[in-house]
Amino acid sequence: MASKQILIVDDDEQMQYLLSELLRHRGFRVICRSDIPSALVELRNTRPDLVLLDLCMSGSDGTCFLKNAAHYCPEGFSKPPIIVLSVFRDKEIVDYALENGATDYMTKPFDPNKLLRRVEDVLSAN
């Protein structure tokens with residue numbers, strides 16, 4: 001699983017750094033994007049194995065990524081699993097994300113070891 005590539009979509013540079021370091025120490029390759037348009041282009045160009053997505057970013061709405069991800073995948077490739085990492089805890093928002101393309105949902109702040117287990121579980125299931 002060490003060669004898997006993960007796309008982090010979050011506008012918080014500290015969160016990008018934290019997630020990148022955590023994942024790189026486990027041997028994952030990491031790409032970070034701070035906005036939805038560039039993340040969708042990255043999805044098309046690099047075909048990551050997994051996406052970690054923040055729902056609330058300045059000027060961007062992570063639900064837009066969820067709705068459009070399948071359309072940005074190259075022909076013959078399916079949408080990668082998406083784990084949402086968000087401060088939103090409302091059941092309606094969690095349900096909405098899961099019904100619109102998220103594979104899993106974790107709230108911030110999160111336990112790094114729990115996140116790594118979920119990443120590995122989701123990757124091994126796909």
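1. Because the model is predicted, local features need pLDDT of at least 70 and side-chain atom pairs count only at pLDDT 80 or more, while totals for chains, interfaces and linings use all residues. Residues are numbered from 1 along each chain as its sequence is written, and side-chain values use heavy atoms, with hydrogens and water left out.

2. Five strands form an open sheet in the order 2-1-3-6-7, with parallel pairing; strands are DSSP runs of E of at least two residues, helices are runs of H or I of at least four, both numbered from the N terminus, and two strands pair if DSSP finds at least two bridges between them. Strand 2 (29-33) and strand 7 (104-107) are the edges, each pairing on one side only.

3. Strand 3 (residues 50-53) runs parallel to strand 6 (residues 82-86) and is joined to it by three bridges, with V84 of strand 6 as the bridge partner of L53.

4. Helix 2 (residues 36-46) packs on the sheet, where it touches strand 1 (5-9), strand 2 and strand 3, contact meaning heavy atoms within 4.5 Å. The direction of helix 2 makes about 170 degrees with that of strand 1, on axes fitted to C-alpha atoms, for helices over the stretch in contact, with angles from 0 to 180 degrees between N-to-C directions. Helix 4 (residues 91-99) lies across strand 6 and strand 7, at about 150 degrees to strand 7.

5. The lining of the largest pocket divides into eight nonpolar, two polar and four charged residues, where Ala, Val, Leu, Ile, Met, Phe, Trp, Tyr, Cys and Pro count as nonpolar, Asp, Glu, Lys and Arg as charged, and the others, Gly among them, as polar.
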